[in-house]
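The following exercises concern one protein model. Please examine the sequence and the coordinates before reading each worked solution.

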Amino acid sequence: MTQPASAPLLLIEDTPSLQLLYRSVLSQAGYSVMTASTASEAMRLFQETRPKVVLLDLVLPDCDGLDLMKDMFDLRPETRVIVMTAHGSINKAVEAMRAGAQEFLVKPFDEVRLLAAVSNAISSNPLQRTPNSGSLIPRQAPQTNTGAFIGSSEIMAQIQATVFITGESGTGKELCALAVHENSPRSSGPFIALNCGAIPQDLLESEVFGHMKGSFTGAISDKPGAATAADGGTLFLDEVCEMAPALQTKLLRFLQTSTVVPVGATRPKKVNVRIVCATNRDPMDAVRRGQFREDLFYRLYVVPIEMPPLRERGNDVIEIAEAALTRLASEEGKQFDGLASDLRAIFRRFPWPGNVRQLLNVIRNVVVLHEGGMVTPAMLPSS
């Protein structure tokens, strides 16, 4: 894909050897590339050439890369910025993503990774900054409300679309992933969820990538995997840190090439899938222990969003309980009149170790075992 001469890529890298290398790779791929070694030179070229995509080294001799990026967004909010950083500056890259960067590359990165990032940036939807925020949302993306994703506390309002969700068990990570999907340009496509921790490791590859008839004992027919089923939509991989190392390698290759090779197949198949991951473990700890590939982690880790535990969500516990009471009472054909004031106080004080899942179980218990009326403390299960 060749960029129009009027809108070249702007490469900002102060290390001469790296600048030459990146420019050579991009030029050979057909891109028109402008280069800069300093922030002042970069801003001059940015204003003159109006590039659609900027590759930005976060460490520059005359200016912090984050400050330069923000100045560029002030002039042209729709600019797609790919930040480049070393392993020791990952926190800075995350800060850049929160401020609106499209993607980040961890040095050293290979030619395939560089070209894929540029291609993705060029083909992605135009971006606009949300008011009074550094975050970006797709222009004209459908802003549907995910009814099951309940909460109005400030901490929940800060959650934006991401590809890596962390949080305690029962906090609603899958609902968060579904909200990301439904509020994205992929909302009309499928949302496929797969729990990597609930599937035996020897079957997980087949579940993710599919298999061909006869490829192993019990494979009596061809089966498309979750990645193929999610084509055009979102694949949600829950408990991704439970994935075996061999499958992590194949997932990394899938992310780099966007192709699926079912078990027993010889030809890859191109798919268009967005992956959203989640885990209730500390992913960095899994990396340090050698249980999760570092390169895969950095490929998936864009803006880590931790789903807050219910005990930190203030009045959300009441909102969730009331919504669940209404829904479950309707399912059971019963009429309840809400939560008594003393019960509300108990709900706010309780630590909810099982989080939202535990709260929903409590409400279901109340609805099943009682005929209706105002829900009082006496109606709660003893636990």
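**Exercise 1.** With which residue does glutamate 331 form a salt bridge, and how far apart are the closest N and O atoms?

*Solution.* The model is predicted: local features need pLDDT of at least 70 and side-chain atom pairs count only at pLDDT 80 or more, whereas totals for chains, interfaces and linings use all residues. Residues are numbered from 1 along each chain as its sequence is written, and side-chain values use heavy atoms, with hydrogens and water left out.

Step 1. A salt bridge requires a side-chain nitrogen of Lys or Arg within 4 Å of a carboxyl oxygen of Asp or Glu. The partner of glutamate 331 is arginine 327, and their closest N and O atoms are 3.5 Å apart.

Step 2. Locate the pair. Both residues belong to helix H13 (residues 316–332), where they are 4 residues apart, about one turn of the helix. Helices (H or I, at least four residues) and strands (E, at least two) are DSSP runs, numbered from the N terminus.

Step 3. Assign accessibility. Buried denotes under 20% relative accessible area, exposed over 50%, and partly exposed the range in between (1.4 Å probe, protein chains only). Glutamate 331 is exposed because its relative accessible area is 52%; arginine 327, at 41%, counts as partly exposed.

**Exercise 2.** Which residues contact the side chain of lysine 107 through polar contacts, and is lysine 107 buried or exposed?

*Solution.* Step 1. Lysine 107 is placed in strand E5 (residues 103–107). Because its relative accessibility is 15%, lysine 107 counts as buried.

Step 2. Apply the polar-contact criterion: a pair of N or O atoms within 3.5 Å, where within protein one must be able to donate a hydrogen and the other to accept it, and residues adjacent in sequence count only if both atoms are side-chain atoms. The side chain of lysine 107 has such a contact of 2.9 Å with that of glutamate 13 and another of 3.3 Å with that of aspartate 57.

Step 3. Lysine 107 and aspartate 57 also meet in a salt bridge (3.3 Å, N to O). This pair links distant parts of the chain, 50 residues apart, with aspartate 57 in strand E3 (residues 53–57). Aspartate 57 is likewise buried, because its relative accessibility is 6%. In the whole structure, a search finds 15 salt bridges.

**Exercise 3.** Which strands are joined to strand E12 by bridges, and how do the side chains of E12 point?

*Solution.* Step 1. Two strands pair if DSSP finds at least two bridges between them. Strand E9 (residues 191–195) is joined to E12 by 5 bridges, and the two run parallel. A further 4 bridges join E12 to strand E15 (residues 274–279), also in parallel.

Step 2. Consider leucine 235 in E12, which stands opposite isoleucine 192 and opposite isoleucine 275 in E15.

Step 3. In a regular strand the side chains alternate between the two faces of the sheet. In E12, Thr234, Phe236 and Asp238 point one way and Leu235 and Leu237 the other. Strand E12 (residues 234–238) is mostly covered, with 5 of its 5 residues buried.

**Exercise 4.** In which strand is isoleucine 192 found, and with which residues is isoleucine 192 in contact, leaving aside its neighbours within four places in sequence?

*Solution.* Step 1. Isoleucine 192 is found in E9 and counts as partly exposed because its relative accessibility is 22%.

Step 2. With contact taken as heavy atoms within 4.5 Å, and leaving aside neighbours within four places in sequence, the partners of isoleucine 192 are Ala226, Ala229, Ala230, Thr234, Leu235 and Phe236.
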